[in-house]
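Colleague: Please walk me through this model feature by feature, giving the general idea before each case.

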Amino acid sequence: MSYLTEDTSAEVVNGRIGAQTDPRLREVMSSLVSHLHAFIKEVELTEAEWDYAIEFLTRTGQMCDDTRQEFILLSDVLGVSMLVDAVNHRLPEGATQSTVFGPFHVKGAPERPMGATISLDGKGELCLFEGRVLDVDGTPIENALVDVWSDNEDGFYDVQQPDIQPPFNNRGVFRTGPDGRYAFRGIKPVSYPIPDDGPVGQMLAALGRHPWRPAHMHFMISAPEHARLITHLFVAGDDYLASDAVFGVKPDLIVGLEPVAEGDAMPPAEQGEAAPVKWRAQYDFRLKKQG
Ligand code: BEZ
Ligand code: FE
């Protein structure tokens, strides 16, 4: 029989794991317990700090509902989401880099015709996003679904302002043809603070960190026989590229927006869309094969 002491704590806890336990669960949990115990010894955690941690995690859970996921936010600002992404997406040379998914994707956004406008509230300067979805060897991918979403000109996603913004504002799904091309009218992205009115925001403030994300457009691209790509395009020159609150920036994902002159060729817009496009962002995505 072994009793728990400061020296033996992790060993004793892990020694209780049953013989029939799933091997992966054993590996993950025993490593978690070992690191957690080592951390407590290293910082000599006080009882007041332990109390605070429990209360902080409780408030984090209580803040979560259908549209607010404070635990994901916590993972994001601690760099955990990006590290899990890095470990799980070691991509071949030439494949487009992935980045953090974030809490604001909505399933079931409407499939829109190529070139359509996703900004439904009429705010912001229109920007044409265009390019191709390719295999890593440069072959165009037909029937790729390009699911895009962004905040509006005021820095909020539609789900954060259900009484103000129209549903599916700044969201849409586009399907590539045989040439792999995609094109849509979004807004010129604006930087925005992640929700900071909860425990995660308090933690950032206590650590002297700001909550801002550099301006970006989200992309989730799925195609037959290819690994799904979740990524963003960031706007070159943004003030927060080097200090993204969730560490999502990768240099290859930064694009320069080019101004569009009056009379420049544009893909046709849907009927009734008269607003002029002011900016253009060009980017080819390269997907790795499944498996
Ligand atoms: C986003 O880009 O939508 C996002 C990502 C992580 C945390 C909060 C927002
Ligand atoms: Fe975002």
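Colleague: Which residues does Trp212 touch, leaving out those up to four places away in sequence?

Modeller: A contact means heavy atoms within 4.5 Å. By that rule Trp212 touches Ser191, Tyr192, Pro193, Tyr240, Ser243, Asp244 and Ala245, not counting residues up to four places away in sequence. Before we go on, a word on the ground rules. This is a predicted model, in which local features need pLDDT of at least 70, side-chain atom pairs count only at pLDDT 80 or more, and totals for chains, interfaces and linings use all residues; side-chain values use heavy atoms, leaving out hydrogens and water. Residues are numbered from 1 along each chain as its sequence is written, while chains are lettered from A and ligands numbered from 1 in the order in which they are written.

Colleague: Where does Trp212 sit, and is Trp212 buried or partly exposed?

Modeller: Trp212 belongs to strand S6 (residues 212-213). Helices (H or I, at least four residues) and strands (E, at least two) are DSSP runs, numbered from the N terminus. For burial, under 20% relative accessible area is buried, over 50% is exposed, and in between is partly exposed (1.4 Å probe, protein chains only). Trp212 counts as partly exposed because its relative accessible area is 28%. As for distance, Trp212 and Glu44 are 168 residues apart in sequence and 33 Å apart in space, C-alpha to C-alpha.

Colleague: Let's turn to the ligand. Which residues are around ligand 1?

Modeller: A residue is near a molecule if one of its heavy atoms lies within 4 Å of it. Around ligand 1 these are Leu73, Asp76, Gly102, Pro103, Phe104, Tyr157, Tyr192, Ile194, Arg213, His216, His218 and Val246.

Colleague: Which polar side chains lie at its oxygen atoms, and how much of ligand 1 does the protein bury?

Modeller: A polar contact is a pair of N or O atoms within 3.5 Å; within protein, one must be able to donate a hydrogen and the other to accept it, and residues adjacent in sequence count only if both atoms are side-chain atoms. Accessible areas come from the Shrake-Rupley method with a 1.4 Å probe, and for residues only the protein chains shown count as cover. A polar side-chain atom of Arg213 is 2.6 Å from a ligand 1 oxygen. For His216, an N or O atom of the side chain is 3.1 Å from an oxygen of ligand 1, and for His218 a polar side-chain atom is 3.0 Å from one. Ligand 1 taken alone exposes 260 Å², and the protein buries 100% of that. H4 and strand S7 (216-222) are the elements that give two or more residues to its shell.

Colleague: How do I read the backbone angle phi?

Modeller: Most residues other than glycine have a negative phi, and most peptide bonds are trans. Here Asn143 has a positive phi of about 65 degrees although it is not a glycine, and so does Glu225. Asn143 lies in the loop between strand S1 (126-135) and strand S2 (145-149), where it is partly exposed at 36% relative accessible area. Glu225 lies in the loop between S7 and strand S8 (229-235) and is exposed at 60%. A glycine case is Gly208, which follows H6 and has a positive phi near 70 degrees.

Colleague: Which residues of H6 are buried, and what covers them?

Modeller: In helix H6 (residues 199-206) the buried ones are Pro199, Val200, Gly201, Met203 and Leu204. Their cover includes helix H3 (47-62) and helix H4 (70-77).
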